[in-house]
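Student: Could you help me learn to read a protein structure? I would like to start with one residue and then look at the spaces around it.

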Amino acid sequence: MTTMLLDTTKGIVEFTYKGVGPTVLLLKGGHSTRDTDLSHSSLIYEGFSLLTVSRPGYDYTDVSTGKTPEDFADTIVEILDHLAIESVSVIAISAAGPTALALATRHPDRVSKIIMEAAMTAPWEENMKQRAKLLFGPAERMVWGSLRKMLKLFPDLVMKQLLSEMTTENAEEYLESLSPNDRRFVYDMLATSQSGKGFSLDLDHSVSDISHVQAPILGMYSQKDKSVQYTNALLLKSLAPHCEIYEVNADSHLIWIGKGAREVWDKRLEFLHQ
């Protein structure tokens with residue numbers, strides 16, 4: 001998939017745009033790079049165009065393009081204008097939740113619907129924020145470099161440590177329950193992760209007034225998600241005027257693998273086709 005760079009009024013933004021059909025804007029979550037694929041690339045085989053925009057501080061997207069979700073929402077509209085796209089369906093993953101909501105609030109005519117996939121609707125808890133800033137702030141290159149080396153030598157150990165931050169279940173038992181394909185998913189996700197300057201920005205993001213979002217929203221969340229707790233789903237449901245919450249039968253934050261993965265894919269397609 002060819003990567004493109006657009007020189008917007010605020011700086012460089014990296015994106016990819018592929019497929020034929022209605023456009024889906026994909027906003028990836030924290031630590032995700034251009035190479036991180038949580039299965040969404042397959043949407044181009046389902047009759048959709050997929051526009052994947054790297055958020056500020058990730059890949060080649062300049063921090064100046066939007067330190068807040070609201071600022072980057074305006075930058076996204078520049079990309080849509082450049083590509084002559086009138087409106088999009090938006091998929092927001094994890095830490096990208098505030099950006100999707102800001103886009104729908106500030107530019108309601110450009111957003112036809114939103115899918116929040118284990119996506120944040122509330123601020124980070126302060127203790128989690130401080131720990132994340134320590135790990136993934138200035139030292140993030142060293143941290144991810146060490147993690148990738150360890151991943152090659154002791155993959156199960158590293159994956160278990162990652163999963164312990166994502167599941168309310170026993171991480172070792174959860175890892176053992178995964179199929180070979182799902183284990184490869186976790187491995188590849190880790191191998192392609194990099195925080196850059198983006199994750200530090202994510203930690204300070206605030207959420208737009210959800211009650212002003214007029215686009216229909218599908219929220220997909222797991223009760224066993226430790227990193228984006230189910231309270232985010234309850235908040236979204238209570239405040240968004242047009243919202244459906246689908247409780248995913250998943251054992252962790254990673255709703256794209258495991259026993260409920262097929263239902264997540266089917267539910268996403270059903271909503272996009274509506």
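Tutor: Happy to! A residue counts as buried when its relative accessible area is under 20%. Keep in mind that this model is predicted.

Student: Is Ser195 buried or exposed?

Tutor: With a relative accessible area of 0%, Ser195 is buried, because buried means under 20%. Look for Ser195 in the loop between helix H7 (180–191) and helix H8 (198–203).

Student: Which residues is Ser195 in contact with, leaving aside its neighbours within four places in sequence?

Tutor: They are His31, Gly57, Tyr58, Phe136, Glu140 and Trp144. With His31 there is also a polar contact, side chain to side chain, at 2.8 Å.

Student: And how do we find the pockets?

Tutor: Rolling a probe the size of a water molecule over the atoms shows where empty space is left. Here, the largest pocket holds about 900 Å³ of space. Its lining has 37 residues, and those closest to the centre are His31, Phe136, Leu162, Glu165 and Met166.

Student: Which element gives the largest share of that lining?

Tutor: That is H3, with six residues. By class, the lining of the largest pocket has 21 nonpolar, twelve polar and four charged residues.

Student: What about the second largest pocket?

Tutor: About 330 Å³ of space lies there. Of the 25 residues lining the second largest pocket, Thr16, Lys28, Arg34, Thr36 and Thr52 lie nearest its centre. Strand E2 (11–19) and strand E4 (49–53) are the elements that give two or more residues to this lining. Its classes are eight nonpolar, ten polar and seven charged.

Conventions: Residues numbered from 1 in each chain as written. Predicted model: local features only at pLDDT ≥ 70, side-chain atom pairs only at ≥ 80, totals over all residues. Heavy atoms only, no water. Helix = DSSP H or I, 4+ residues; strand = E, 2+ residues; numbered from the N terminus. Buried < 20%, exposed > 50% of the residue type's maximum accessible area, 1.4 Å probe, protein only. Polar contact = N/O pair within 3.5 Å; in protein donor to acceptor, adjacent residues only side chain to side chain. Contact = heavy atoms within 4.5 Å. 1 Å grid on protein atoms, 1.4 Å probe; cavity = no way out; pocket = protein on both sides within 12 Å on 5 of 7 lines; lining within 4 Å. Points joined across faces, edges and corners; volume = space filled by probe spheres on them. Nonpolar A, V, L, I, M, F, W, Y, C, P; charged D, E, K, R; others polar.
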